[in-house]
Amino acid sequence: MDDRLPKGQKWISKPVVYDIVRELPEVDLNTYRFRITGLVENPIEMFYDEFLSISKDKITADFHCVTAWSVKDITWEGIKTKDLLQMAKPKKEAKFVLAHCLEGYTTNLPIEYLYKEDSIVAFKMNNEVIPKRHGFPLRLVIPSLYAWKSAKYLTTIELTDKNIRGFWELRGYHNIGDPWKEERYWSD
Ligand SMILES: Nc1nc2c(c(=O)[nH]1)N[C@H]1C(S)=C(S)[C@@H](COP(=O)(O)O)O[C@H]1N2
Ligand SMILES: [Mo]
């Protein structure tokens, strides 16, 4: 029995890269912005350098992919999403999140997951600038949900009142995706 490993998962040594596109768009840090939009009092818009200059948090967490692999102890550095929300001031109607990425990927989650202690927008992975295929320049990391919710190449965190399905959620993956409840696919 391994109480760190959710049911149906196997430990592997490093994350397998999954992307919805073969070629990633070139990232131009002169035009790249990180944004928090939608139902917020204070919309946020930051350059990559500004984001780095206020980054202060580091977390270590296991990473569980719905395709049945898990990786132990990945460290991420950046800004915890609960602190980003404190800056953006969600309106009370804000109940859900839709994350948008540079290449068009999207994923949705309930806003409560942005208040978890280990949820972070990261610019470093295992003490290095996030490698291109693992999400450079910024990545949303939600260790308490399956890895498809950890959006690479993040551009925008949009707060919404309705739960809008993202890329995989439209194709049969679960709206929440808690690995400890094996929420792999739609139940509704
Ligand atoms: N922008 C973006 N983020 C993404 C994906 C993607 O295709 N595009 N794939 C997701 C899926 S299905 C998984 S399992 C993880 C894999 O993370 P990795 O490629 O860093 O191993 O990224 C998630 N985040
Ligand atoms: Mo995945």
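K132 is partly exposed in this predicted model, with a relative accessible area of 41% (buried denotes under 20% relative accessible area, exposed over 50%, and partly exposed the range in between, with a 1.4 Å probe and protein chains only). K132 forms a salt bridge with E26, the closest N and O atoms being 3.6 Å apart; a salt bridge is defined as a side-chain nitrogen of Lys or Arg within 4 Å of a carboxyl oxygen of Asp or Glu. K132 lies in the loop between β9 (128–129) and β10 (139–141) and E26 in the loop between β1 and β2, so the pair ties together parts that are 106 residues apart in sequence. Strands are DSSP runs (E, at least two residues), numbered from the N terminus. E26 is exposed, at a relative accessible area of 69%.

The model is predicted, with local features requiring pLDDT of at least 70 and side-chain atom pairs counted only at pLDDT 80 or more, whereas totals for chains, interfaces and linings use all residues. Residues are numbered from 1 along each chain as its sequence is written, chains are lettered from A and ligands numbered from 1 in the order in which they are written, and side-chain values use heavy atoms, leaving out hydrogens and water.

By the criterion given, the count comes to 15 salt bridges. Among them, D57 pairs with K56, with a closest N and O separation of 2.7 Å; D57 is buried at 13% relative accessibility, whereas K56 is exposed at 52%. R4, D62 and D73 are linked in a salt-bridge network. A further salt bridge joins the side chains of E182 and R184 (2.9 Å, N to O). E182 is partly exposed, with a relative accessible area of 29%, while R184 counts as buried at 12%. R184 is placed in the segment after β11, and a polar atom of its side chain lies 2.8 Å from the backbone oxygen of V66.

Aromatic contacts were also examined. Rings of Phe, Tyr and Trp (its six-membered ring) pair if their centres lie within 6.5 Å; planes under 30 degrees apart count as stacked, over 60 as edge-to-face and the rest as tilted. The structure holds 11 aromatic pairs. One of these, Y105 with F167, is tilted, at 6.0 Å centre to centre and 40° between the planes. Y105 lies in the loop between β6 (96–101) and β7 (106–110) and F167 in the segment after β11 (154–160), so this pair ties together parts that are 62 residues apart in sequence. Both residues are buried, Y105 at 9% relative accessible area and F167 at 18%. Y173 and Y185 form an edge-to-face pair, at 5.5 Å centre to centre and 75° between the planes. Y173 is buried at 15% relative accessibility, whereas Y185 is partly exposed at 46%.

Of the 20 residues around ligand 1, V16, E103, H134, R139 and K152 come nearest (a residue is near a molecule if one of its heavy atoms lies within 4 Å of it). An oxygen atom of ligand 1 lies 2.6 Å from a backbone N or O atom of V16, and a backbone N or O atom of Y18 is 3.1 Å from a ligand 1 oxygen. In the side chain of H134, an N or O atom is 2.6 Å from an oxygen atom of ligand 1. Taken alone, ligand 1 exposes 530 Å², of which the protein buries 98%.

Conventions
A polar contact is a pair of N or O atoms within 3.5 Å; within protein, one must be able to donate a hydrogen and the other to accept it, and residues adjacent in sequence count only if both atoms are side-chain atoms. Accessible areas come from the Shrake-Rupley method with a 1.4 Å probe; for residues, only the protein chains shown count as cover. Helices (H or I, at least four residues) and strands (E, at least two) are DSSP runs, numbered from the N terminus.
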